[in-house]
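Dear colleague,

I am passing on the structure below, and my notes on it follow directly after. Please read them alongside the model.

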Amino acid sequence: MYTAAGWINVLLGIINAALFSPVFFVERPIAAREAMVLSGAESERAAWKCCKPDFLCAWTMIIAFFILVFNFVLLETLGTSLTMDQFAWTKSQALSNIGMLLSAGGVIACVSFVLINPLCKLFNECHVLLWGGFFLMVVGRAVYIPLGSTLPVIAYPAVNGTEMLGCPVSQEWCLVTPAMTVSQFLLGFLLTSIGYPIGVTLIQTIFSKILGPRPQGVWMGLMTGSGCLSRVLGPVFVSYVYTRLGPVWTFGFTTAMMLVAMIWLQFVVKRLSAAILQGTGATRQADSNQSDKCTDDNEIPLNLVSR
């Protein structure tokens, strides 16, 4: 029950290491060539200086990625403990139910990935990120805040070595905080399963477009590093906030965090759109310059022929 997931990760790690070995993966400096064609520079460094990204938008995407991943990792970390406290499930029940729920969430995420492209053809991708990603995550976090009047089952010290079921009496908030309902938990998880993949995908897509035709390894490393930091802080947050203060403070704080990020994105959405146009416009211009070089100078333009 506890070691199978670890061995699966070991196997996937070995496969990843093999795929990124020089036998299979060969680096192609396409972005550097695009930047040189665009600026007419003679070196890559000179070309990069002519294509500076919008740093405010770039760091906004990095921070937004941190907040989004932090909230999802928090739910992954807290899922088993939360259901055991709120619904009085045993350890095996909690692991089994959360495992099935995460599997269903993976299927929902795949459907969400497929829907991103048609949605971005109908709406601005910044607005899809704002309302399809962050808004659903905000509502998904707010749904987890207990609002009922029924207290959870209290788990008093075990007798004869039996497993304690319910909210531990050592967590003082269990005695005064209402219990979450199963339907409430499922609704929040559904909203998260839809909003998280949309948000994460579009953040990285927009981030890449903002950077434009330049090597993006360092910047992508910063974004990945922010996601790793969120995975470190998630369990620490669970230990100190959820265990001591309970779900009201935990999900109230994360809801406020997501809401502040959403409001900030709303303020910079026009600047984000402009940065995307600047980055993608540079790439299109580079492609256009390449096409012009391949055009015969004696060729008659098509619009003159039609006239």
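A residue is called buried here when its relative accessible area is under 20%, exposed when over 50%, and partly exposed in between, with a 1.4 Å probe and protein chains only. This is a predicted model, in which local features need pLDDT of at least 70 and side-chain atom pairs count only at pLDDT 80 or more, while totals for chains, interfaces and linings use all residues. Residues are numbered from 1 along each chain as its sequence is written, and side-chain values use heavy atoms, with hydrogens and water left out.

Thr83, which belongs to helix H4 (residues 55–87), counts as buried because its relative accessibility is 0%. Its side chain reaches the backbone oxygen of Thr80 at 2.9 Å, a polar contact being a pair of N or O atoms within 3.5 Å, one able to donate a hydrogen and the other to accept it, where residues adjacent in sequence count only if both atoms are side-chain atoms. Leaving aside neighbours within four places in sequence, Thr83 is in contact (heavy atoms within 4.5 Å) with Ala88, Trp89, Ala94, Ile98 and Phe185.

Best regards

Note on methods
Helix = DSSP H or I, 4+ residues; strand = E, 2+ residues; numbered from the N terminus.
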